[in-house]
Structure formats: structure tokens, C-alpha cells
Amino acid sequence: MKVGLLDSTLREGEQSPNVSFTIDQKIKIVNALDKFGIEYIEIGHPAVSPNIKKSISIISKLETKAEKVIHSRALKSDIDDALLFDTKWIGIFFGTSDISLKYKFGIKHKAALNRIKYAINYAKDNNLKIRFTAEDATRTKLSFLIEVAQIAEQAGADRFSIADTVGVLTPDKTSALVKEITNAISIPVHIHCHNDLGMATANSIIALKSGAKVADVSINGLGERSGIASLAEVAMILKLHFNVVNTWDLSALIRLSDELALISGIPNRLNQPIVGKYAFTHKAGLHTRAVIKNPNSYEGYEPEIINQNREILIDEFTGKEAIADRLNKLKIDYSHLELNKITNDIKKGNNSKPLTDIELLNFV
């Protein structure tokens, strides 16, 4: 399967509550994403603020393998802003659901189509590559969404993006919708999934499997409200289960995640999939015994792929094998009787937290 990812950390991610990146931090994020091998980087919306406009000016000049995309409303003024910078791609968006048309714009379907057509025509006349996004596409009547997609293609859009703006999709609905749109137009389809129901990663994967060519992600899933699909989750699933051919450096995922958590001030959950501290941590005696013999017993992939560390905890749940394994690593000699006594003493104790090496040596 040949697909790509668009990272929206600089745009969508910065829309997270209490998150604001400095220009130096944005440059660091862009360089790290480019080193990872991301295909597209959304670098921001110039109309938002002078600071964002300044950061786009600087970032647009960076040499990257990734294509840089500037965010834009379907307005001539926004497109003119994008033309000031050294980028080939513009991402034009327009809300297409009835609720958007009524409460955001106060217009009917025909007027909306005219606005979309004008904006795409204008951007195309200025030699920009265009990704048109139907905002709130998943609450747009299907017949009208298809009409929007076809108008966008006819006007000159190079890509069409389906945005699940309020995160209401499920995998079955995602698959059906993507198939409808890909059958209706010939340009590549993108997907942008929000995580309000915890389904962003699953919906992104099934969208790609159903014909979409690019999925939007962000580092640690940062974004409005509950965020969007996580870069680490989508990339790992695509690599492990769909044999995606690209240049992604999966070993960079932990570093990307840790750096963004530090920069954003939003820490990962300890049990976060893939990048969380506990992703390869084992505790129960039966589990640890099996993992010591063969890690595949309780691990779906090797932690070394992403520079993660396997950890076996020792507390009241522990078994002899886990203690023996730790003592062997510490190069501590012990007899069978001593191992049994140490294990029993640990199980009798009130160990609410895992034992450190020093605490284990105290038992020895």
C-alpha cells in the first residue's frame, strides 16, 4: 500500500489549549519531522496572527524533503497571504455541512459552491498546488459532499480532503464514505480525523485502506479538544500491518514524542500506546515468566524498532523468574533456596511501588 502522512502539529497541534510554540521550537519540530521522513508538513495559517505569519515566513524557507502546506480559508486575502511565501502547496478549507453553512456563513448550497470554485480557481491561476478540505465533511449530506468534491476537482484542486471535524466517524462509516468519494472523483483523497470518540487512529487507518492516499496526524495526537490521529500510532500500524513502503524512521518516534511533550507542556500518559513509558512494561508473574523466555509472548512487536525499553517490574505480583532475571543482570549469586525466600519476603511485603535495584539488594 502506497500512502503518506501529513503532520499538522504546527497548525492543529498549536490549537490545543495552552499550547504556543516559539519560532525556534517550530523549526526544531519541522527538522525532526523531516528527519523522520514525513511526506507533508502543515506549517500554519498566516491570517491567524502576526507571530504565526512570521514563523511561516521563516519555516517556508527551510530546505526539507517534506512538502510544506499553508492553511487558508476560501478567501482571496488568505490566498494572497500564502503567495507571499516560498511554498508550493496551499490547503484551502471551507465548511460544507448545513450547520456550517447556516451558522458560520449564512449562505445556501449554491453560494457555497461558488465560493469554493472561486477560491480554487484563484489559487490555481497563481500556480499553487491545492488541497481542498471540506470542513465538517462527515456531517455534510453525501450528495452535496460529492458535488463539492467534483466542483473542487473541476476548479483545479489537486487533492480533496475529508475532515471529520467533530470526530463523529466510526470505522465502518469512514470506509463507506471514503469509497463514495474516491469513486466520485479522480484526484487523490486525504482524511483528517478528530479524536472526540477515541476513534481517530482507527478511522485514519480504515480510510487509507479504503482508498485515501494521505492521513493527517500530529505528534502525540495534539489538536483541538481531544486532538487528532497520533503520528506514532498511525505510522506503526501502517508499517506493521500494511507493509507501507516509505522512508519513515520509526526509531525517531520516541524522541519526537518526548520533545513535543516537553515543548507543549502536555505530557503523554504513562500507558500511551507505543511512546508511553509503560508500553513495554510487564508486571504479573505469569506474564514476566513468559516474556523472559520469549518476549513475543506478550509483545506484538519488538521495542527496539522504536528505541523503546522493555522493563520487568518486581513487587507483590512478581514471580521467581523475574527476580532471578534481575539478580542475574546485577551479577548477584544466589541459591534456589535463597531465591524462594527472597520471592516470599517480597510477596509478604506491602509493596505498592515496584522495587528498585537497591531495594531488591536489601532483600538479598
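User: How many bridges join strand E3 to E4, and do they run parallel or antiparallel?

Analyst: 5 bridges join strand E3 (residues 67-73) to E4, and the two run parallel. Strands here are DSSP runs of at least two residues (E), helices are runs of at least four (H or I), and both are numbered from the N terminus. Two strands pair if DSSP finds at least two bridges between them. One caution: this is a predicted model, where local features need pLDDT of at least 70 and side-chain atom pairs count only at pLDDT 80 or more, while totals for chains, interfaces and linings use all residues. Residues are numbered from 1 along each chain as its sequence is written, and side-chain values use heavy atoms, with hydrogens and water left out.

User: OK. Which residue stands opposite Phe93 in E4?

Analyst: That's Arg73. Over towards strand E5 (residues 129-135), E4 is joined by 7 bridges, again parallel, and Ile92 stands opposite Phe132 in E5.

User: What do the strands build together?

Analyst: A closed barrel of 8 strands, in the order E1-E2-E3-E4-E5-E6-E7-E8, with parallel pairing. Neighbouring strands of this sheet are turned by 25° against each other on average, direction ignored.

User: Back to E4: how many of its residues are buried?

Analyst: 7 of 7, for residues 89-95. Buried means under 20% relative accessible area, exposed is over 50%, and partly exposed is in between (1.4 Å probe, protein chains only).

User: Switching to helices. At what angle do H1 and H2 pack?

Analyst: About 40°, with the axes of H1 (residues 23-36) and H2 (residues 50-59) 10 Å apart. Axes are lines fitted to C-alpha atoms, for helices over the stretch in contact, and angles run from 0 to 180 degrees between N-to-C directions. H1 and H2 are therefore oblique to each other; angles under 35 degrees count as roughly parallel, over 145 as roughly antiparallel, 65 to 115 as roughly perpendicular and the rest as oblique.

User: Which residues make the contact?

Analyst: Ile23, Lys26, Ile27 and Val30 of H1, plus Ile52, Lys54, Ser55, Ile58 and Ile59 of H2. Contact means heavy atoms within 4.5 Å.

User: And what do the buried residues of H12 pack against?

Analyst: Helices H11 (285-293), H13 (336-348) and H14 (357-363), and strand E10 (311-312).
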